[in-house]
Amino acid sequence: MTSKTTLRVSHRALLGHWLLVPLGAAMHFASHAPFTLAGANAPENLTNILSWAGMGLAAWGLLNVAYQRLAHEYAIGPDRVIERHGIIVRRVTPLFIDHIRSTEVNQTIMGRLLGYGTVEMSAAGTGTSEARFDRVANPMKVMASIDNHLKSHMAGPGEE
């Protein structure tokens, strides 16, 4: 098996950040709405502040989604799994397939509903996880892919 699979943080796992975008847009475009509903005249300086806060909130949500998607990359190769974090400062954690002794999937209730979770791999001689793929889509399939790579690596190149 010579294929390499690259994974990123699931869009569904970033739902909270995605929700900031329409909320901020609503604050920007309807900054006078709370005053109109209350039957009062909207002070211009307050509506300007609400408008700018809305644009900032929407921008914050988009920047967080972009950062989470670009800064976290996971790869499953034929001989190792690689966990990469960061954009400017990088942390790369390779773990050889033949060193993996167990894989574990952790999902929250929201993760179960939206189909994302964390896959943790532990190596020989350690009680902690050596590599973890945070908030990936279909974590059970990711764990099965790692297990398949492990089985084919243990079987040897001629017995696949």
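Close-up 1. E73 stands opposite R84 of β3. The model is predicted; local features need pLDDT of at least 70, side-chain atom pairs count only at pLDDT 80 or more, and totals for chains, interfaces and linings use all residues. Residues are numbered from 1 along each chain as its sequence is written, and side-chain values use heavy atoms, with hydrogens and water left out. β2 (residues 72-76) and β3 (residues 80-85) pair in the antiparallel sense over 5 bridges. Pairing requires at least two DSSP bridges between two strands. Strands (E, at least two residues) and helices (H or I, at least four) are DSSP runs, numbered from the N terminus. I76 has V81 in β3 as its bridge partner.

**Close-up 2. Strand β3 beside β4.** These two strands pair in the antiparallel sense over 6 bridges. R84 stands opposite V92 in β4. Their hairpin has 5 residues between the strands, and G86 in the turn has a positive phi of about 105 degrees.

Close-up 3. The 4 strands run in the order β1-β2-β3-β4, with antiparallel pairing. β1 (5-8) and β4 (91-96) stand at the edges with a single partner strand each, so one side of each lacks a neighbour in the sheet.

**Close-up 4. Helix α3 on the sheet.** Helix α3 (residues 44-71) packs on the sheet and touches β1, β2 and β3 (contact: heavy atoms within 4.5 Å).

Technical notes: Axes fitted to C-alpha atoms, helices over the stretch in contact; angles between N-to-C directions.
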